[in-house]
Amino acid sequence: MTQSPMSQENVMATNPYQQQKLRALLVDDDAFQRKVIGRTLRDRLSIDVFEAGDGQEALDLLSGDRSGFDLVLCDLDMPVMDGPAFIRHFAPLSAGARLMLLSGCDDHLLGSALALCQAYGVNPLGALQKPVSAEAVRQQIDQMMVERHGTDRASPRATDISLEEIMAASRNEEFEAHFQPKACALTGRIVAAEALARWRHPLLGILPPYPYFIGQLEQSGNIGGITESILYQAVSACREWHDHGLDISVSVNLSQQLLQQDVDLADRISEITNRVGLHPSQLVLEITETAAATEIGPILENLVRLRMRGFELSIDDFGTGYSSLEQLSRVAFTELKIDRSFVAQMLARSDSRTIIGSSIDMARKLGIRTVAEGVESREEWDLLKTLGCDEIQGHYLGRPLPAREFLAFVEGINR
């Protein structure tokens with residue numbers, strides 16, 4: 001019997017903490033809280049726990065520990081050095097450790113603390129209100145393990161890979177499209193896919209775009225080649241899916257640099273779809289909110305021309321940039337993607353739920369389809385369905401897969 005996407009075995013169904021012993025640093029001035037949370041981490045989650053009574057002590061441990069930490073759990077209100085000051089000093093010493101904030105403060109203040117992390121270049125795992133439950137911590141760590149799946153401490157640093165290696169890989173056609181499914185929130189049927197670039201490195205295996213190759217390609221002005229390659233692979237795969245009777249569309253990301261520098265972009269994309277035989281309406285081109293907000297003629301010219309040709313446009317990372325409402329009025333978007341940062345917090349934070357609900361309501365009134373990114377649990381899926389979201393995307397539904405594997409996956413689910 002074919003399993004529904006909601007009942008598929010989670011990649012982390014076996015105990016990930018026993019498979020890979022994690023090391024956590026717990027920073028809290030309250031000895032009792034350290035004891036309670038530390039016991040949860042050690043006994044319930046099999047994590048090695050180290051403790052610090054304030055931010056300065058934690059920084060000393062981070063700078064002196066050669067083995068490295070996977071996770072740092074930090075209280076906000078502490079003497080000597082409080083949480084905000086610790087966040088400011090954390091980034092250069094993190095060495096890949098993820099930061100989780102803990103506090104008895106309300107969720108609005110926790111939201112401000114998460115924004116502070118972003119301002120200082122720290123990518124926080126999340127924030128939890130005290131008292132902290134084992135299940136809440138486990139869910140956050142599951143998220144971290146999902147993000148790290150397929151990588152470990154032996155993974156190469158991005159700085160170890162040169163632009164020359166990346167360009168050689170492009171010539172050797174080592175970059176390939178993997179496809180992450182999108183499902184109808186109501187029925188669970190796969191209705192679309194997002195094409196994501198992956199580097200099939202001959203020695204290092206599959207490498208994601210960040211931090212390994214997209215940054216250097218954009219900075220050097222070489223993003224066009226890989227974009228065209230991924231576009232062609234995505235359109236060809238979508239054509240094959242249609243040949244198998246699957247009525248699903250495919251999405252491809254367009255970089256701001258490419259939109260800004262190439263006013264003939266719509267012509268080349270049209271040439272690819274015509275050559276393969278895919279109708280333009282089956283190709284969704286995802287544009288970041290930052291790119292949509294840019295007041296540069298070539299970007300708007302490209303977006304207008306793409307819609308004139310019948311391609312669909314999606315505004316990605318909605319709500320994380322500036323003047324979101326203005327972008328919806330300036331560009332004829334057909335899809336709005338709710339950023340995963342809101343989805344990840346919506347079960348615990350009422351303000352995130354309100355933002356998501358308002359975005360969905362606004363999009364519905366504008367006739368725009370909504371897609372929620374980063375869905376990691378059945379609870380998140382159910383809440384998004386209740387809020388009226390059209391489609392969901394995330395590891396709970398399925399991971400990015402090569403084209404052939406994706407076809408088999410979709411056929412199994414949709415049957």
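This is a predicted model: local features need pLDDT of at least 70, side-chain atom pairs count only at pLDDT 80 or more; totals for chains, interfaces and linings use all residues.

Biologist: Which residue does Arg42 meet in a salt bridge?

Modeller: A salt bridge needs a side-chain nitrogen of Lys or Arg within 4 Å of a carboxyl oxygen of Asp or Glu. For Arg42 the N to O distance is 3.4 Å. The partner in this salt bridge is Glu51.

Biologist: Is Glu51 buried, partly exposed or exposed?

Modeller: Buried means under 20% relative accessible area and exposed means over 50%. Glu51 has a relative accessibility of 30%, so the residue counts as partly exposed.

Biologist: How far apart are the closest N and O atoms of Arg34 and Glu51?

Modeller: Arg34 also forms a salt bridge with Glu51. The pair links distant parts of the chain, with Arg34 in helix H2 and Glu51 in strand E2 (residues 48-52), 17 residues apart. Arg34 is buried because its relative accessible area is 17%. The closest N and O atoms of the two side chains are separated by 3.1 Å.

Biologist: How many salt bridges does the structure hold?

Modeller: Side chains of opposite charge can pair when their charged atoms come close. The pairs Arg34 with Glu51 and Glu51 with Arg42 are two examples. For the structure, the number of salt bridges is 20.

Biologist: Which residue forms a salt bridge with Arg369?

Modeller: The closest N and O atoms of this pair are 2.9 Å apart. The pair links distant parts of the chain: Arg369 lies in strand E13 (residues 369-372) and its partner in strand E11 (residues 312-318), 57 residues away. Arg369 is partly exposed because its relative accessibility is 22%. The partner of Arg369 is Glu312.

Biologist: Is Glu312 buried or exposed?

Modeller: Glu312 is linked with Lys182, Glu194, Glu286, Glu335, Lys337, Arg369, Glu373 and Glu391 in a network of salt bridges. Its relative accessibility is 18%, so Glu312 counts as buried.

Biologist: What is the number of disulfides in the structure?

Modeller: A disulfide requires a pair of cysteine sulfur atoms within 2.5 Å. The structure holds disulfides to the number of 0.

Biologist: Which cysteine has the sulfur nearest to that of Cys389?

Modeller: Cys389 is in no disulfide. The residue is buried because its relative accessible area is 5%. The nearest cysteine sulfur is 9.8 Å away and belongs to Cys184.

Biologist: What is the relative accessibility of Cys238?

Modeller: A residue is buried when its relative accessible area is under 20%. Cys238 counts as buried, with a relative accessibility of 0%.

Biologist: Where is Asp30 found?

Modeller: Asp30, together with Asp29, Asp77 and Asp82, forms a negative surface patch. Asp30 is partly exposed because its relative accessible area is 33%. Its place is the loop between strand E1 (23-27) and helix H2 (31-44).

Biologist: What is the phi of Val80?

Modeller: Val80 sits in the loop between strand E3 (71-75) and helix H4 (83-90). At 73% relative accessibility the residue counts as exposed. Although Val80 is not a glycine, its phi is positive, at about 65°.

Biologist: What is the phi of Glu173?

Modeller: Glu173 is in the loop between helix H7 (163-171) and strand E6 (175-184). With a relative accessible area of 70%, Glu173 is exposed. Glu173 is not a glycine, yet its phi is positive, at about 55°.

Biologist: How far apart in space are the C-alpha atoms of Tyr210 and Arg198?

Modeller: Tyr210 is placed in helix H8 (residues 209-212). Its relative accessible area is 58%, so Tyr210 is exposed. Tyr210 and Arg198 are 12 residues apart in sequence, and their C-alpha separation is 9.7 Å.

Biologist: What distance separates the C-alpha atoms of Asp60 and Leu93?

Modeller: Asp60 is in helix H3 (residues 55-64). Asp60 is partly exposed because its relative accessible area is 46%. Along the chain Asp60 and Leu93 are 33 residues apart, and their C-alpha atoms are separated by 9.8 Å.

How values were computed: Residues are numbered from 1 along each chain as its sequence is written. Side-chain values use heavy atoms; hydrogens and water are left out. Patches are made of residues with over 30% relative accessible area and no salt bridge: like charges are joined within 9 Å, nonpolar side chains (Val, Leu, Ile, Met, Phe, Trp, Tyr) within 5 Å. Accessible areas come from the Shrake-Rupley method with a 1.4 Å probe; for residues, only the protein chains shown count as cover. Lys and Arg count as positive and Asp and Glu as negative; His and the chain ends are not counted. The place of a charge is taken as NZ of Lys, CZ of Arg, CG of Asp or CD of Glu. Helices (H or I, at least four residues) and strands (E, at least two) are DSSP runs, numbered from the N terminus. Buried means under 20% relative accessible area, exposed over 50%, partly exposed in between (1.4 Å probe, protein chains only).
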